[in-house]
Amino acid sequence: MPELPDVEVWRKYVDATALHHEITNIEIRAPDMLVGISPRLLAARMRDNRLEVTKRHGKYLFIGLNNGFWLTLHFGMTGRLSYFKHSRTIPAHTRLFIAFSNGFHLAYDCQRKLGRIALTVNPDTFVRQQGLGVDALDPDLTVDTLVRLLRKRHGAIKAILMDQHLIAGIGNLYADEILFQAHIHPQCCAGELNDHSLHKVFRAMRRVLQMAIERGVDPDRLPASWLLLSRHRGGACPRCRAGLSRIKVSGRTSYVCPRCQLQDEMASATRGARR
């Protein structure tokens, strides 16, 4: 599933390709993916205008038009964007097709149709209406803020990290990576972790998300020390080469190193005085 790093890469992709060109045609090929707007109205509000600016919050991409509206995309499980010239290269599962005056096109491709397409007049209002938490890379999200957020929660730390109403942008894959880098078991109770452990979570979250963006979320460019590359049946820990355990956390498949993320640490991580 596209998570914060993937959506940030798509945001930069739009910046580098599709901005400042007049929109000459719009095709909505999956009307059932629209939220709060009809295909006819979406097309009317976008046609003859230009995409001018982009923003991202969590897993949502906002693309601002010169008329004040913002195209709003959520990528679901399989969403992606493609900017191309020749119509014969249109992706097979295109759900939204935009033609520009320069002869190029932008396609929103989403095989499983689990994404969402909307139009909003204010991304900040949209974020509030959706009940989304602070973006995981928001500069205002400090380590102290994160500690206060997590200290109040009694669920598994992985489930808390993936709760979009608390912290927006982290999904199943990157939650596993963050906790692996922090040496914390995903079933640890968030509210019982000490400050040292929560600080490790914060540092790992920032480091993992920022590096994934810098490397273009390309698996071939990610560090060999990352869990993500071994996150499959039969995978081995990139640190100690122990076979990875495959468990369920809040119904989501999780991969854990039985040596680097010891179950015993669920208890030991809570010991000691809290600062």
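On a 1 Å grid over the protein atoms alone, a pocket is an open set of points where a 1.4 Å probe fits, with protein on both sides within 12 Å along at least five of seven lines, and its lining residues have an atom within 4 Å of a point. Keep in mind that this is a predicted model, where local features need pLDDT of at least 70. Residues are numbered from 1 along each chain as its sequence is written.

So what does the largest pocket look like? Its lining takes in 15 residues, and Met 1, Pro 2, Asp 6, Leu 173 and Val 217 lie nearest its centre. Two or more lining residues come from each of α1 (4-17), β5 and α6 (172-181), with α1 giving the most, 3 residues. Helices (H or I, at least four residues) and strands (E, at least two) are DSSP runs, numbered from the N terminus.

Now follow β5 into its sheet. This is an open sheet of 4 strands in the order β1-β6-β7-β5, paired antiparallel; two strands pair if DSSP finds at least two bridges between them. β1 (23-28) and β5 are the edge strands, each pairing on one side only. β5 meets β7 (residues 105-110) over 6 bridges, and Tyr 83 stands opposite Leu 106 in β7.

Finally, look at Lys 85, in the loop between β5 (79-84) and β6 (94-100). Leaving aside residues up to four places away in sequence, Lys 85 touches Gly 103, Phe 104 and His 105, where contact means heavy atoms within 4.5 Å. The C-alpha atoms of Lys 85 and Asn 102 are 8.9 Å apart, though 17 residues separate them along the chain.

Note on methods:
This is a predicted model: local features need pLDDT of at least 70, side-chain atom pairs count only at pLDDT 80 or more; totals for chains, interfaces and linings use all residues. Side-chain values use heavy atoms; hydrogens and water are left out.
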